[in-house]
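Take a first look at the fold below. Then read on for a guided walk through it.

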Amino acid sequence: MNFFKFGRFSSFQIKLPLTPRWHEIKVKIFFLTFLFVISCSHTVSSQYVNNADTIHHIDVISDILLYKSSVKKNSENRMVRLKEYLHPLITDFKYATYNNFTHRILYTHPEAYLRLPVAMALQKVQKELKAKGLALKIFDAYRPYSVTKEMWKVVPDQRYAANPAKGSGHNRGEAVDLTLVKVSSGEELPMPTGFDDFTEKAHHSYRDLPEDVLQNRALLKTTMEKYGFRALSTEWWQQ
Ligand SMILES: [Zn+2]
């Protein structure tokens, strides 16, 4: 797996003295930490992520080896590029712009990655939507743990951001933020709010909306759930 050229990880930083030797170690830890974070599957307890928060030691190498062997035993755990599964892959990586709730650029070279079974399920969702002249637009998929920590600093509220002590579905490559667009024009279907609107209006239970908006939200939710996704109750865009 060659994730290393994936620019989204460039925001990761570890504070170590920058002598040449430390620099080398820092680069190694950078890559190993990334592999470690993506190794957390839903069957793994949150202690993995807790450990990831304090990875300043080489001890983590044993976990990387565990990760590698788990993927070797079950290649279904691997991360894949979403562009190989969705045609077309329509994206709007909000975290690669200032237009997000942190008002900071969190990704420099964004690309959508998800676990293989998740990508395959999303492929089925898109196929079904295509028959209706619709497609998915992806806002975010796999999210590096370092970015989750940055977000928590801005919104330390578990309804809207993942507590780094537990990590998130995004960190594990299992969650995706998305909306519906018309294939013909690329135009987004009207939804209750914009992306990352942390108000009640973004909740699935919120009903005081125009009928077409309710239908669009329901279409996204039911189609996603048909293929195994589970909607987050407070964010219409997250499955
Ligand atoms: Zn999300």
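This is a predicted model: local features need pLDDT of at least 70, side-chain atom pairs count only at pLDDT 80 or more; totals for chains, interfaces and linings use all residues.

Residues are numbered from 1 along each chain as its sequence is written.

Start with the whole chain. The protein chain holds six helices and five strands. Helices (H or I, at least four residues) and strands (E, at least two) are DSSP runs, numbered from the N terminus. Along the sequence the pattern reads α-α-α-β-β-β-α-β-α-β-α. The chain has 239 residues, and 32% of them count as buried. A residue is buried if 20 or more other C-beta atoms lie within 10 Å of its own, exposed if 12 or fewer, and partly exposed in between, with C-beta atoms placed from the backbone. Take the contacts with a separation of 6 or more: residues 24 or more positions apart account for 71% of them. Two residues are in contact if their C-beta atoms, placed from the backbone, lie within 7 Å.

Now find the sheet. Three strands form an open sheet in the order E2-E4-E5, with mixed pairing. Strands pair if DSSP finds at least two bridges between them. Strand E2 (90-91) and strand E5 (177-182) are the edge strands, as each pairs on one side only. E2 and E4 are parallel and share two bridges. Strand E4 (residues 134-140) runs antiparallel to E5, and six bridges join them. Look at Ile138. Its bridge partner in E5 is Leu178, and Ile138 is also the partner of Thr91. Lys137 stands opposite Thr179 in E5. E4 is mostly covered, with five of its seven residues buried.

Helix H4 (residues 116-130) lies across E4 and E5, at about 140° to E4. That angle is taken between N-to-C directions on a scale from 0 to 180 degrees, using axes fitted to C-alpha atoms, for helices over the stretch in contact.

The largest nonpolar core has 28 residues, of which Leu82, Leu114, Leu122, Leu136 and Ala141 touch the most other members. Such a core is a set of buried Ala, Val, Leu, Ile, Met, Phe, Trp, Tyr and Cys residues joined through C-beta atoms within 7 Å. Strand E3 (113-115), H4, E4, E5 and H6 each give two or more residues to this core. The largest share, five residues, comes from H4. Leaving aside neighbours within four places in sequence, Leu122 is in contact with Tyr85, Leu86, Leu136 and Val176. A second, separate core has seven residues, including Tyr95, Tyr107, Val147 and Met151.

End with helix H6. H6 has 16 residues and reaches 22 Å from its first C-alpha to its last, close to the 22 Å expected at 1.5 Å a residue. The expected span is 1.5 Å times one less than the number of residues. Which residues of H6 are buried? They are Asn216, Arg217, Leu220, Thr223 and Met224. Seen down the axis of H6, the buried residues fall within an arc of 140°, so they line one face of the helix. The arc is that of the directions from the helix axis to the C-beta atoms. H4 and E5 are among the elements that cover these residues. The face turned away carries the exposed residues Glu211, Ala218, Thr222 and Lys226. Lys226 is exposed because 12 other C-beta atoms lie within 10 Å. Lys226 and Val125 are 101 residues apart in sequence and 8.2 Å apart in space, C-alpha to C-alpha. H6 is followed by Gly228, whose phi is positive, near 100°.
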